[in-house]
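Here are some quick notes for anyone opening this structure for the first time. Have a look at it, then read on.

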Amino acid sequence: MFGAEKGTLDSAHNLMNGRKLTIGIVQARFNEPITNALAEACKAELIALGVPEKHIDLVLVPGALEVPVALGAMAAKLKYDALVALGCIIRGETYHFELVANESGAGVSRVSLDYQLPIANAILTTENLEQAIARKTEKGRDAARVAVEMANLLEEI
């Protein structure tokens with residue numbers, strides 16, 4: 001929920017230290033101005049959390065439905081501590097929105113569970129372009145924070 005209390009950890013918390021992590025990002029090109037902004041915000045936050053830039057890999061795919069396939073290929077390499085899914089699905093006049101939103105989300109979750117690998121899902125699902133624009137930077141940063149926190153948490157478990 002936009003503006004909700006997310007209970008975020010302070011950047012100084014040990015779970016927010018990305019120095020030893022390798023993070024993969026899959027970005028959908030569909031609605032590219034939005035997904036580019038998501039990716040820029042995500043990468044900037046990863047670097048701010050200490051993830052070395054050379055340990056951040058970015059893969060581009062056509063759209064949100066292709067994101068899980070690329071995530072699965074990256075997960076199979078057993079190289080990444082966490083992955084990030086970036087995309088933007090804006091409701092149109094047909095049922096296609098629900099199909100793409102539901103299937104991409106289910107695919108991201110399946111890859112995460114199959115590989116026991118944290119995946120921060122920042123595939124935006126909005127009613128209109130204005131909502132996407134309002135969320136693009138915050139959600140990119142949030143995805144980076146989730147990826148770092150969950151990678152460190154799973155290492156501790």
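Predicted model: local features only at pLDDT ≥ 70, side-chain atom pairs only at ≥ 80, totals over all residues.

1. Let's start with the layout. You'll find four helices and four strands in the protein. Walk along the sequence and they come in the order β-α-β-α-β-α-β-α.

2. Next, overall size. The C-alpha atoms take up a box of roughly 45 × 35 × 25 Å along the principal axes. The radius of gyration is 15 Å, which agrees with the value near 15 Å for a compact globule, given that there are 157 residues.

3. How much is tucked away? Of the 157 residues, 45% count as buried.

4. Now for a helix pair. Helix α2 (residues 67-76) packs against helix α3 (residues 96-115) at an angle of about 10°, and their axes are 8 Å apart. Angles under 35 degrees count as roughly parallel, so α2 is roughly parallel to α3. On the α2 side the contact is made by Val67, Pro68, Leu71, Gly72, Ala75 and Ala76, while α3 brings Ser104, Gly107, Val108, Val111 and Tyr115. Sort the residues of this contact by type and you get eight nonpolar, three polar and no charged.

5. Over to helix α1 and threonine 35, which is found there. Is threonine 35 buried or exposed? Its relative accessibility is 0%, so threonine 35 counts as buried. Leaving aside residues up to four places away in sequence, threonine 35 touches Gln27, Ala28, Arg29, Phe30, Gly87 and Cys88.

6. Alanine 48 also deserves a glance. This residue lies in helix α1, which covers residues 32-48. Alanine 48 has a relative accessible area of 61%. The cut-off for exposed is over 50%, so alanine 48 is exposed.

7. Finally, a distance you can check in the viewer. How far apart in space are alanine 48 and valine 111? From C-alpha to C-alpha, alanine 48 and valine 111 are 27 Å apart, and in sequence 63 residues separate their positions. Valine 111 is one of the α3 residues in the contact with α2.

Technical notes. Residues numbered from 1 in each chain as written. Heavy atoms only, no water. Axes fitted to C-alpha atoms, helices over the stretch in contact; angles between N-to-C directions. Helix = DSSP H or I, 4+ residues; strand = E, 2+ residues; numbered from the N terminus. Parallel < 35°, antiparallel > 145°, perpendicular 65-115°, else oblique. Contact = heavy atoms within 4.5 Å. Nonpolar A, V, L, I, M, F, W, Y, C, P; charged D, E, K, R; others polar. Buried < 20%, exposed > 50% of the residue type's maximum accessible area, 1.4 Å probe, protein only. Rg over C-alpha atoms; globule rule 2.2 N^0.38 Å.
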